[in-house]
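The following exercises are to be worked through with the structure in view. Each task is followed by a solution in steps.

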Amino acid sequence: MDFFSKRYVRIVAILLFVVLLAGCGLKKTEGGATQNIATQGKNLSVEVLDIGQGDAILIRTAGQNVLVDSGDIPMKEKLVAYLKKAGIKTIDKVIITHPHADHLGGMAAVFDNFEVKAVYDSGQTTTTATYKKYLATIKKKSIPFNVVSPGEQVDLGDVVSLKFLAPQKPLFSGGKDDLNNNSIVAKLVYGNFSMLLTGDAEQEAEARILKEYGGELKSTVLKSGHHGSNTASSEPFLQAVSPEVVVISVGENNDYHHPHPSTIKKYQNAKLKIYRTDQNGTVTITSNGQGYTINKEK
Ligand SMILES: [Zn+2]
């Protein structure tokens, strides 16, 4: 073997080694949402964030970052840190399912740290300082503010869509759980994969959604309504959604004793795979529009 062929063999060997390394690297990061989005550009990831008692869900497509709810006020730094670590600078859409503090509380910090391009809101108002500040900031920054209508569909880029199913008009009124029952409920669809986002909608809202959208509720993954409370996840609703997986966003040892044991029992009887942020940390679901993988932090 002369000098040139030796060198050729060496180069090929090095190239093979590099390819092998790259392959290993890819395997190692498989399911890691950041890497998948960055390297493949075709995946959808949904991160149900571990932010204690409350909801904050980060949806990432090839083209957009979407934040559904923002957790409670005491967790705002954790939320900001998480989003920054994920490399997020711009949030294309913020969706606030309803104006309770455990969903709206992180927004002041989100507005301070990220560029928010549009807000989607349930259209409900409250008298809290948190809510007033949220509205005032939207106005001050001239952020497009959309009150969602059921049936409306928004494009999340790269053929991922989100269809709003609730709140339906007229809004619930006169009950103690109206704010919850008027939550935004929306179905995220990417090819064969789908996820139903429910905010804190309770059984009254579920019954109404069933009537209007019963035929299109079936979803691969269900975000458990109202943190797994027994006021949500009614049998008929659960049957219509018929998910394979349920994710409960809930704080450890929370004051509300969420999730309720009877709700867990229902999920178990339906043979659902149950993930909960108090036990599993942040739960990340990644889909390529065909199958899906789920990673838990712990
Ligand atoms: Zn809540």
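**Exercise 1.** Which residues line the second largest pocket?

*Solution.* The model is a predicted one. The lining of the second largest pocket consists of Gln-53, Asp-72, His-100, Ala-101, Asp-102, Asn-180, Asp-200, His-226, His-227, Tyr-256 and His-258. Sorted by class, these are 2 nonpolar, 6 polar and 3 charged residues. The space in this pocket amounts to about 190 Å³.

**Exercise 2.** Identify the protein donors of the zinc ion and classify the geometry of its site.

*Solution.* Step one is to list the donors: Asp-102 (OD), His-103 (NE2), Asp-200 (OD) and His-227 (NE2), at 2.0 to 2.1 Å from the zinc ion. Along the sequence, their spacing reads D-H-x96-D-x26-H. Asp-200 and His-227 join distant parts of the chain, 27 residues apart. Asp-200 sits in the loop between strand 12 (193-197) and helix 8 (203-213), while His-227 sits in the loop between strand 13 (221-223) and helix 9 (235-241). Both Asp-200 and His-227 are buried.

The next step concerns the angles, which run from 90 to 151 degrees among the 4 donor atoms. A tetrahedral site requires all angles to lie between 85 and 135 degrees. The site of the zinc ion is accordingly classed as irregular.

**Exercise 3.** Describe the aromatic pairs, and explain what the pair of Phe-193 and Tyr-292 ties together.

*Solution.* The count is 4 aromatic pairs. In one of them, Phe-193 and Tyr-292 are tilted, with 5.8 Å from centre to centre and 50 degrees between the planes. Because Phe-193 belongs to strand 12 and Tyr-292 to strand 17 (residues 292-296), the pair ties together parts 99 residues apart in sequence. Phe-193 is buried, at a relative accessible area of 1%, whereas Tyr-292 is partly exposed, at 28%. Ring pairs also link Phe-111, Tyr-131 and Tyr-134 into a cluster.

Key
Residues numbered from 1 in each chain as written. Predicted model: local features only at pLDDT ≥ 70, side-chain atom pairs only at ≥ 80, totals over all residues. Heavy atoms only, no water. 1 Å grid on protein atoms, 1.4 Å probe; cavity = no way out; pocket = protein on both sides within 12 Å on 5 of 7 lines; lining within 4 Å. Points joined across faces, edges and corners; volume = space filled by probe spheres on them. Nonpolar A, V, L, I, M, F, W, Y, C, P; charged D, E, K, R; others polar. Donors = N, O, S within 2.8 Å, 3.2 Å for Na, K, Ca; no water. Tetrahedral: all angles 85-135°; square planar, octahedral: opposite > 155°, others 65-115°. Helix = DSSP H or I, 4+ residues; strand = E, 2+ residues; numbered from the N terminus. Buried < 20%, exposed > 50% of the residue type's maximum accessible area, 1.4 Å probe, protein only. Phe/Tyr/Trp six-rings, centres within 6.5 Å; stacked < 30°, edge-to-face > 60°.
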